[in-house]
Amino acid sequence: MKQTASQTGVWQLLRRNISAGQLLGYSAANAVGLIVVLVGLMFYLDSGNEAKNREQFFSKDYAVISKKVDGIGFNPVTFSEEEITDIECQPWAKKTGRFTASQFTVYGSVTLGGRSLGTYLFLESIPDEFFDIKPKEWNFDPDDGFIPVIINKDYLTLYNFGFAVPQGLPQLSEEIIGSIPLSVRLTGEGMRPEYFEAAIVGFSTRLNTIAVPQSFMDWANERFYTEGEKLEPSRLIIETDALQADKMNSYLAQHGYEKAGDTADEGKISKFLGVVSGVVTINGVVICALAVFILLLSIFLLLQQSRDKLNYLMLLGYSPTIISKYYLRVVIILNSVITVIAICTTLLARNIWIRPLGEIGIGDASIAPIFIVALTYLLLINAINARVIHRRMHRIWHNR
């Protein structure tokens, strides 16, 4: 009881010089700074996290990449297995498919308006899961001999508005052109040509190629190409993470790869959200630093004003360490309350953006990093304050 009464008396003596206004100012500044830091961090985590219901709002994003061709070359420019494996390991690459090109000669012909049109063609195939459409007829049976074909929708547009009218040919809808039979002649090295019936069964907006089923391509390459090794893929199709488009574009530029289509606008959303979060977080760090400076200045002023009382207590046998505990207790309680308020405020503020972000398929990130950062900050700021108070108290002890 005596020690408790003594401790109470010491505290009543020391608290007289503690300015409530200074503590209130520090608390407000520190709380605002920590809240801004945590809000910025939470927003950054939510804006970079895919929600469970992302697929309801975002169509899957795909990229078709290839290597650059320099000058004139007769050796095929392809991807090696090591390069493909490295791409598959990138965080922005969810799935990777390989284009398989025809290694035989293809000649296609069709009769329109009483006129026969024919040209050499290129054929490619990719795994079925990478198509944006999949017609019912999308299969190949060697005994049947029918080849289903998918072409890019732009090819039909170019025919209708760039080729058909000047040549006096009819313009065709998707339904009509799909009913026109095509004759395809396949020829291998030193082999007699074989003829197949084909038809356009679908139009893709994703693939800029003339696509055939993978089953047909595997069968035809084995049948008509027997003079050499199988070629490595020259193009890859990748299901990508749209939120990491900037990382993907950086990787492609670093390795000299090209991506089909215009990539100028890709990654702008993720970059914008990242910049906003970064600016908010930096502002919070600055505010927190100023708040800590205010507290340290207040501690120096407080100890200076209480110098005579501290000397008196030390003469009575109270060590600097014991006296420091009284001030440190105030700081720890104050910082703990501020940290709890900052965490609760951040979680409440999260309700402002969590629903809008969820509607576009992002958000719902873990809140664990917020607690980790807040507790780390609490331990760090208490350690700094403890060291400052302890050193200042010992300086008073040695200079008394």
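Reader: How many contacts beyond four places in sequence does the model have for residues 52-59, where pLDDT stays under 50?
Author: This is a predicted model, in which local features need pLDDT of at least 70, side-chain atom pairs count only at pLDDT 80 or more, and totals for chains, interfaces and linings use all residues. Residues are numbered from 1 along each chain as its sequence is written, and side-chain values use heavy atoms, leaving out hydrogens and water. Here pLDDT is the predictor's confidence in each residue, from 0 to 100, and a contact means heavy atoms within 4.5 Å. For residues 52-59, the number of such contacts is 16.

Reader: What is the mean pLDDT of the protein chain?
Author: Where pLDDT is low, the predicted coordinates should not be read in detail. Residues 262-266 also stay under 50, with 5 contacts beyond four places in sequence. In the protein chain, 69% of residues reach 70 or more, and the mean pLDDT is 77.

Reader: Is Ser66 buried or exposed?
Author: Ser66 is found in strand E1, residues 61-67; helices (H or I, at least four residues) and strands (E, at least two) are DSSP runs, numbered from the N terminus. Beyond its neighbours within four places in sequence, Ser66 is in contact with Phe79, Ser234, Arg235, Tyr257 and Glu258. Buried means under 20% relative accessible area, exposed over 50%, and partly exposed in between, using a 1.4 Å probe and protein chains only. Ser66 has 19% relative accessibility, so it counts as buried.

Reader: How far apart in space are Ser66 and Leu236, C-alpha to C-alpha?
Author: In sequence, Ser66 and Leu236 are 170 residues apart. In space, their C-alpha to C-alpha distance is 6.6 Å.

Reader: How many aromatic pairs are there?
Author: Rings of Phe, Tyr and Trp (its six-membered ring) pair if their centres lie within 6.5 Å; planes under 30 degrees apart count as stacked, over 60 as edge-to-face and the rest as tilted. By this rule, the number of aromatic pairs is 13.

Reader: What kind of aromatic pair do Tyr159 and Phe163 form?
Author: Tyr159 and Phe163 are 4 residues apart in helix H4 (residues 153-164), so about one helical turn separates them. Tyr159 is buried at 13% relative accessibility, whereas Phe163 is partly exposed at 37%. Their rings lie 6.1 Å apart, centre to centre, with 40 degrees between the planes, and the pair is tilted.

Reader: Which elements hold Phe196 and Trp219?
Author: Phe196 and Trp219 form an edge-to-face pair, 5.9 Å centre to centre with 85 degrees between the planes. Phe196 is buried at 6%, and Trp219 is partly exposed at 22%. The pair links distant parts of the chain, 23 residues apart: strand E9 (residues 194-204) and helix H6 (residues 214-224).

Reader: Over the face of which residue does Arg235 lie?
Author: A charge sits over a ring if NZ of Lys or CZ of Arg is within 6 Å of the ring centre and within 35 degrees of the ring normal. The charged end of Arg223 sits over the ring of Phe224, 6.0 Å from its centre. For Arg235, at 4.2 Å from the ring centre, the residue is Phe99.
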